[in-house]
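Subject: Structure handover

Hello,

The structure is below, followed by notes on what was found in it. Please look it over before you read on.

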Amino acid sequence: MKKLLCTILILTVLSTLFLSGCGYQYADLDLRAEFDESLKGTELTVYNWGEYISDGAGGTIDVNKEFEKLTGIKVNYLTFESNETMYSQIKSGGISYDIIIPSDYMIERLIKEDMLQTIDLSKITNYDLIAKQYKNLFFDEKNEYSVPYNVGMVGMIYNTELVGKDIEHSWKVLWDEKYKNMALNFNNPRDAFMTAQMILGQDLNTLNKADWDAAADLLKQGKKNLQTYVMDEIYGKMETGEASVAPYYAGDYLTMLENNENLAFFYPDEGTNIFVDSICIPKNAKNYQAALQYINFLLEPDISTANAEYIGYASPNTAVIENKDYCYYQNEILYPDEADMPKVQYYHDIDADVRSYYENLWSEIKLY
Amino acid sequence: MKILSRLYIALIILFLYAPVAVMILFSFNSSVSVWRFSGFSTRWYSGLAYNTTMLNALEHTLVIALLSALLSTVLGTAAAVGIEAIRKKITKKLVMSVTQVPMMNADIVTGISLMLLFIFIGKLIGLDESLGFFTVLIAHITFNLPYVILSVIPKLRQTDAHLAEAALDLGCTPLKAFFKVILPSISTGIVTGLIMAFTLSLDDFVISYFTCGHYQTLPIIIYNMTKKSVKPDTYALSTLIFITVFVLLILYNVLQTKSEKKRAAAVFKART
Amino acid sequence: MNKKSFGSRLIAAPYLVWSALFIVIPLLIMFYFALTDQNGVFTLSNLSAIGQYKKAFLISILYAVIATAITLLLAYPMAYCMTKSGISTQRMLFMIVMIPMWMNFLIRTYSWITILANTGLINTFLTKIGLKPLRLINTPGAVILGMVYDFIPYMILPIYSVMSKLDKSLLEAAEDLGSDSFTKFKKVILPLTRPGIISGITMVFVPSVSTFYISQKLGGNKTMLIGDAIEFLFNSGPAYYNIASALSLLLMIMILICLFVMNHFSDEDGGVLM
């Protein structure tokens with residue numbers, strides 16, 4: 001009897017290891033670049049988005065642990081949930097980081113405010129793997145300060161079991177009374193404003209305060225239709241059917257899909273936001289050399305693939321995009337071909353005056 | 001009447017423990033959901049052992065709680081003795097009012113004001129990074145101090161002042177008189193203060209949130225986790241903490257009852 | 001004699017320095033931030049900008065008052081029932097009430113989502129027995145419930161400690177003098193337990209009015225309490241430190257006024273500790 005119990009226990013434990021649907025399974029790493037232990041014993045502090053690295057769950061590669069094993073550098077890994085929080089932490093001077101992974105417009109601001117160091121690309125031997133279209137982008141035209149990590153677009157996720165397959169491909173569903181109390185919106189100003197700005201047909205980077213006012217009014221109107229404003233809490237809400245429609249990042253939809261197959265996705269016809277999250281080194285970094293090694297490590301084909309499969313976002317790394325074993329190889333949501341590509345706009349850094357104007361409006365919406 | 005009162009107690013206990021029960025139940029869920037129970041599994045518990053972020057944070061929490069409790073107990077006991085010796089009523093009242101500030105004020109205000117100070121000082125001396133281990137330690141000592149002081153002072157007042165004087169008259173040095181006479185009589189107050197400081201520090205979230213920098217404690221990690229999709233592993237960790245606390249308190253209670261019985265028996269023996 | 005007391009006064013010196021450095025000066029810095037702009041120039045604009053957050057203040061106070069009142073109404077009979085039990089049961093009950101305080105309040109709050117959610121335990125049960133599901137989560141009621149739940153031990157315990165020390169002979173005397181139970185309660189028990197009530201109220205009101213987590217999780221981020229506003233501003237970057245400091249300052253002053261009024265009501269001095 002006891003034996004039986006033991007066997008069952010072992011089986012349940014083991015079965016958890018093989019549960020994951022899409023996740024790069026552990027194999028011996030095949031490295032392209034060379035890594036050494038010259039910085040053994042030093043520490044590296046990484047500040048990344050939540051759920052934004054392969055962490056070993058379900059037998060996948062634990063990226064940080066592998067890096068530690070390889071180089072002897074201790075990785076201190078911390079997470080943030082919006083560009084704004086990250087900016088606030090760095091700007092206050094309270095905390096120093098060696099690696100940060102902000103989005104495009106935030107990188108533009110950080111460069112403007114002289115808060116980033118140049119990255120010595122001669123040490124990033126894997127840099128040639130980055131696809132051409134993700135180099136020389138507007139926020140870092142000479143590729144001096146950033147190395148692309150992930151690419152993504154925002155779209156709408158909906159639960160076909162709850163709302164059916166027939167849904168208007170528009171941001172307007174968030175305002176539609178049909179989905180009252182079942183709709184979610186972003187809990188950060190930039191993305192939430194985007195949903196309204198797209199409906200109004202605005203330039204996402206408009207400097208006209210009246211445009212922002214109009215978008216804010218629309219958001220205020222929509223507030224009573226929403227169940228709540230969320231960031232990463234969306235996973236639980238969409239996976240369990242607690243909410244039925246919500247805008248979020250395409251890559252995260254794929255992760256949710258693994259836990260609830262009734263979820264579907266579309267890019268709204270009005271157009272959407274496209275973003276690039278890139279790796280940067282802040283000015284007050286303490287371990288610059290280790291940061292370079294870490295960046296190079298993240299670009300390794302095996303590591304990039306593990307990350308791309310775990311995170312579910314589109315990769316800028318050709319070693320991933322062209323890898324036929326990659327579980328999102330030519331996935332139509334992540335890598336739509338030109339015909340299916342939605343109209344997209346990047347966020348740009350908006351000058352401080354207008355920025356504080358819309359952030360103020362955001363407070364107003366929350367207080368409304 | 002008695003039934004009614006029992007029923008009421010039961011209802012309140014149900015209210016207090018319903019979420020705890022839910023938490024324990026879902027820590028054994030076989031799927032990642034904390035809303036839908038799909039089967040029994042201990043996978044989240046075995047997974048905890050590999051969660052280095054969580055284990056690191058647990059270590060940080062314990063280090064800060066122990067250090068801040070010890071330091072604030074030493075500093076606070078000395079302060080209580082000193083404050084009691086102040087003769088001027090106004091001075092005493094002023095010191096006591098300042099002492100009560102961190103206890104009475106909203107945590108968020110205490111946390112923010114300390115953060116502003118640390119960042120200000122950091123900028124002044126040109127640090128790259130002003131928040132970390134020391135700042136969170138200082139913050140915890142600061143909010144622990146009033147609890148220590150206020151649990152020692154009543155005991156000091158109960159102590160017979162003549163005892164210390166007698167000791168001095170009998171040739172004790174003031175220091176010796178303190179350790180031999182005063183300290184034993186206020187020791188229960190000191191222990192209460194120490195325990196209170198330890199638990200407050202263990203559980204603090206708001207003040208640590210603003211002052212800890214990289215040195216993230218467990219409540220901060222839990223906060224970060226609830227910002228994402230909470231998985232049953234957070235519940236599993238909390239269940240473990242809950243069970244530890246529960247067992248410790250029951251043990252403490254049993255020991256106390258036992259020692260009381262022993263004392264009662266001793267008294268009984270002495271009388272007969 | 002004089003020399004001796006000078007010596008013992010001196011051992012408070014490290015603490016006095018500590019409290020000046022880490023209690024007084026931080027508040028002064030906050031004051032400074034509240035009255036200056038980003039460049040350190042004196043301004044009153046932060047204070048006038050507070051007007052925008054009037055609603056957050058009002059809602060925070062309203063919710064906190066309601067939560068405190070409910071807590072008191074639930075806790076007082078509980079404390080009373082506890083004192084009616086045997087000694088060892090009393091000690092057990094005391095611990096049972098205390099144990100949840102040792103658990104992380106973030107988790108305790110979060111588990112309410114599992115209970116209250118649209119697809120949560122209560123609603124699953126309701127739909128199973130054929131009733132319509134209720135909207136429980138993301139409502140003001142859920143926020144107030146969270147406050148009551150998180151802070152109720154802070155109300156029960158002080159009232160209980162005062163009540164358990166009540167002089168039984170006083171109650172007997174009241175009965176002997178012919179008071180019915182209501183008069184006994186109003187004339188004897190209530191006034192004597194007032195210090196416990198006062199400390200309970202302060203210990204529930206202060207954290208409720210300044211909370212920034214409960215409303216985010218149970219209120220669905222739709223109502224912004226003053227704690228949420230402060231946290232949001234501090235997380236938006238140093239440019240917002242000034243206005244956030246002004247809000248914190250106002251919150252502090254508000255709390256101090258409440259405490260002052262409270263202390264005024266309590267006849268006993270120094271009654272505001274567990």
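Which residues have the most contacts inside the largest nonpolar core? They are I99(A), Y294(A), I295(A) and I156(C), in a core of 253 residues. A nonpolar core here is a set of buried Ala, Val, Leu, Ile, Met, Phe, Trp, Tyr and Cys residues joined through C-beta atoms within 7 Å. Buried means that 20 or more other C-beta atoms lie within 10 Å of the residue's own; with 12 or fewer it is exposed, and in between partly exposed, the C-beta atoms being placed from the backbone. Helix α8 of chain C (residues 140–164) gives the largest share of this core, 16 residues. Beyond its neighbours within four places in sequence, I295(A) is in contact with I119(A), I124(A), V147(A) and I279(A); contact means C-beta atoms, placed from the backbone, within 7 Å.

On conventions: this is a predicted model, in which local features need pLDDT of at least 70 and side-chain atom pairs count only at pLDDT 80 or more, while totals for chains, interfaces and linings use all residues. Residues are numbered from 1 along each chain as its sequence is written, and chains are lettered from A and ligands numbered from 1 in the order in which they are written.

Interfaces of chain B

Towards chain C, 58 residues of chain B are in contact with 62 residues of chain C. On the chain B side, α1(B) supplies the largest share, 12 residues. That side divides into 45 nonpolar, 11 polar and two charged residues (nonpolar: Ala, Val, Leu, Ile, Met, Phe, Trp, Tyr, Cys and Pro; charged: Asp, Glu, Lys and Arg; polar: the others, Gly among them).

Towards chain A, 25 residues of chain B are in contact with 27 residues of chain A. Here α5(B) gives the largest share, three residues, and the chain B side has seven nonpolar, 11 polar and seven charged residues.

Domains of chain B

An automatic or database domain assignment sets the bounds: domain 1 is 1–41 + 232–272 and domain 2 is 51–230. Their centres, taken over C-alpha atoms, are 28 Å apart. Four residues of domain 1 and five of domain 2 make the contact.

Sheet in chain A

An open sheet of three strands runs β2-β1-β3 with parallel pairing. Helices (H or I, at least four residues) and strands (E, at least two) are DSSP runs, numbered from the N terminus; strands pair if DSSP finds at least two bridges between them. β2 (74–80) and β3 (99–100) of chain A each have a single partner strand, so one side of each is left without a neighbour in the sheet. β1 (residues 43–49) of chain A pairs with β2(A) over seven bridges, and T45(A) stands opposite N76(A).

Regards

How values were computed
Two residues are in contact if their C-beta atoms, placed from the backbone, lie within 7 Å.
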